[in-house]
Number of protein chains: 2
Amino acid sequence: MTTKPATTTGTTIKPSGAQRKTRQRAAVEEILSDRHDFRTAQQIHDDLRHHGERIGLTTVYRTLQLMSDAGDLDAIRTGDGETAYRRCSTGHHHHLVCRTCGRTVEVSGPAVEQWANAVAEQHGFREISHDLEIFGTCNTC
Amino acid sequence: MTTKPATTTGTTIKPSGAQRKTRQRAAVEEILSDRHDFRTAQQIHDDLRHHGERIGLTTVYRTLQLMSDAGDLDAIRTGDGETAYRRCSTGHHHHLVCRTCGRTVEVSGPAVEQWANAVAEQHGFREISHDLEIFGTCNTC
DNA sequence: AGCCTTAATGAAAATGGTTCTCATGTCGGT
DNA sequence: ACCGACATGAGAACCATTTTCATTAAGGCT
């Protein structure tokens, strides 16, 4: 690879930059359309493998990061230091998580949203967003 | 150590469980009293070393975790996947964080607490706790 | 003061999620 | 079909944190 035999023909540089449509990328996007909950890169990787998809873990990480950067995904960090992604849904909601069995319930409440916005504005903050996770022990645990 | 020559005198079992007061633990507590901003375990370790303290990184991690479990410290996770700690002011509260400069304001509101508890109970959850972080761009950014 | 039990310490190794490397595969325009 | 550039993926590298385990020292007891 050390030999660089001159760029003969086209000196035309193509910046392109366009993203290519690949099987793997489509698979990741599809899974995220099906499931509406937060999932880590590794969970998504497992899901895809179970669906019979051949895809590398690295590619999953890369794709999720690309999508997140592009604003197509929401990302949160779990208490374990993992990053979980979710399709950026129009509706905003929070999670009620059982700290024993991990069961998750989606909840939402305008009260919290309003409160968060009001408080933030009082302090002169703009472009407000927030993360809220509720933990507890569920019925069956 | 295999020989167990009988517990002659006191058969009294001492569960003790009391925490011992050590130089290292005191040093960590002192640093956290001085600085009111969020700092990672490694930053605190560096701080202590610069102060001339001899302390291992492991001990810093352990001590911070103990204090956090005891409710003496607030812990948040940075975007880099690091955990940052700060001395906890008395009451329960949340954080309003500027996503540009990192400035942090403590906020609290009974409304959220009540809402979180109510929602969780509706779903049959017990021993409820929650994390709430509000993000925004502050005045000066 | 000396003993003794046990928590605490810390250096090094292990862990585990995420990122980097680089050889190979494949998309898409010509 | 050709070709250059982007995409893929297996494995290595990274890095914060945790675990291991031999050693140190706190603090109650006599």
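This is a predicted model: local features need pLDDT of at least 70, side-chain atom pairs count only at pLDDT 80 or more; totals for chains, interfaces and linings use all residues.
Residues are numbered from 1 along each chain as its sequence is written, and chains are lettered from A, with ligands numbered from 1, in the order in which they are written. Local features need pLDDT of at least 70 and side-chain atom pairs pLDDT 80 or more, while totals for chains, interfaces and linings use all residues; side-chain values use heavy atoms, leaving out hydrogens and water.

**Exercise 1.** Find which parts of DNA strand D lie at polar distance (N or O atoms within 3.5 Å) from Q24(A), R54(A) and T58(A).

*Solution.* Take the side chain of Q24(A): one of its N or O atoms is 3.0 Å from a sugar or linking oxygen. For R54(A), a polar backbone atom is 3.4 Å from a phosphate oxygen. The side chain of T58(A) has an N or O atom 3.3 Å from a base oxygen. Finally, the elements giving two or more residues to this surface are α1 (23-34) and α3 (57-69) of chain A, together with α3 (57-69) of chain B; helices are DSSP runs (H or I, at least four residues) and strands likewise (E, at least two), numbered from the N terminus.

**Exercise 2.** Characterise the interface between chain A and chain B.

*Solution.* Begin with contacts (heavy atoms within 4.5 Å): 38 residues of chain A touch 38 of chain B. The two chains bury about 3,100 Å², 61% of it on carbon and sulfur atoms; this is accessible area (1.4 Å probe) lost on being put together, summed over both parts. In chain A, R77(A), W115(A) and F125(A) lose the most area, together 22% of what that side buries. Now count polar contacts: 3 residue pairs, both residues at pLDDT 80 or more. β6(A) gives the most to this side of chain A, with 12 residues. To finish, β6(A) pairs with β6 (residues 126-137) of chain B in the antiparallel sense over 9 bridges, pairing being at least two DSSP bridges.

Definitions and conventions: A polar contact is a pair of N or O atoms within 3.5 Å; within protein, one must be able to donate a hydrogen and the other to accept it, and residues adjacent in sequence count only if both atoms are side-chain atoms.
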